[in-house]
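Dear colleague,

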Amino acid sequence: EAGGVAVLSSLAQEASASDDCKLAAAIALVHLACNRADLAADDHCLSLLLSRLDQPEKDGWRRDSIDALLALANSSSACAAQWHRVGGVAALQALARETAEEGVERQAERCDEALVSLGVRRVRRRTAA
């Protein structure tokens, strides 16, 4: 298993790998980190997923990246200092605002939950109906 983690980690950082291949490796690493307390997603992996938030949806990659990021933020493997260091907290705050404005309430709630897990107060207010 440790060998598989090393392969995924190096694949996520391999310069000659396609962007989709790097992203798939990063998502796999995050899912492993969510389920194993002894594994952590590194800065590069987290940054790869965060970079997808600023891009339009392409073949489900943005959605998969969001799902992986939210799962990681809510897991015991999440490190608030790391999320702040790579800009993850700001990215999740922006995503929470964006999804709330778009009316995607469940996604906005998931973002809020992830931010609370990272020790950040809620970033959006409920609007009066």
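Helices here are DSSP runs of H or I with at least four residues, and strands are runs of E with at least two, numbered from the N terminus. By that definition, the protein, which is a predicted model, has seven helices and zero strands. Along the sequence, the pattern accordingly reads α-α-α-α-α-α-α. The radius of gyration is 15 Å, close to the 14 Å that the globule rule gives for 129 residues, so the protein is as compact as a globular protein of that length. Taken along the principal axes, the box filled by the C-alpha atoms is roughly 50 × 30 × 20 Å.

Turning to the interior and the surface, 39% of the 129 residues are buried. Of the contacts with a separation of 6 or more, 53% are made by residues 24 or more positions apart. As for charge, the protein carries 15 positive and 19 negative charges, whose mean positions lie 6 Å apart.

One residue was examined individually. Gln107 is part of helix H7, which spans residues 105-117. Is Gln107 buried or exposed? Its relative accessibility is 17%, and because buried means under 20%, Gln107 counts as buried. Apart from neighbours within four places in sequence, Gln107 is in contact with Ile66, Leu70, Leu95 and Thr99.

With kind regards

Terms used:
Residues are numbered from 1 along each chain as its sequence is written. This is a predicted model: local features need pLDDT of at least 70, side-chain atom pairs count only at pLDDT 80 or more; totals for chains, interfaces and linings use all residues. Side-chain values use heavy atoms; hydrogens and water are left out. The radius of gyration is taken over C-alpha atoms; the globule rule is 2.2 Å times the number of residues to the power 0.38. Buried means under 20% relative accessible area, exposed over 50%, partly exposed in between (1.4 Å probe, protein chains only). Contact means heavy atoms within 4.5 Å. Lys and Arg count as positive and Asp and Glu as negative; His and the chain ends are not counted. The place of a charge is taken as NZ of Lys, CZ of Arg, CG of Asp or CD of Glu.
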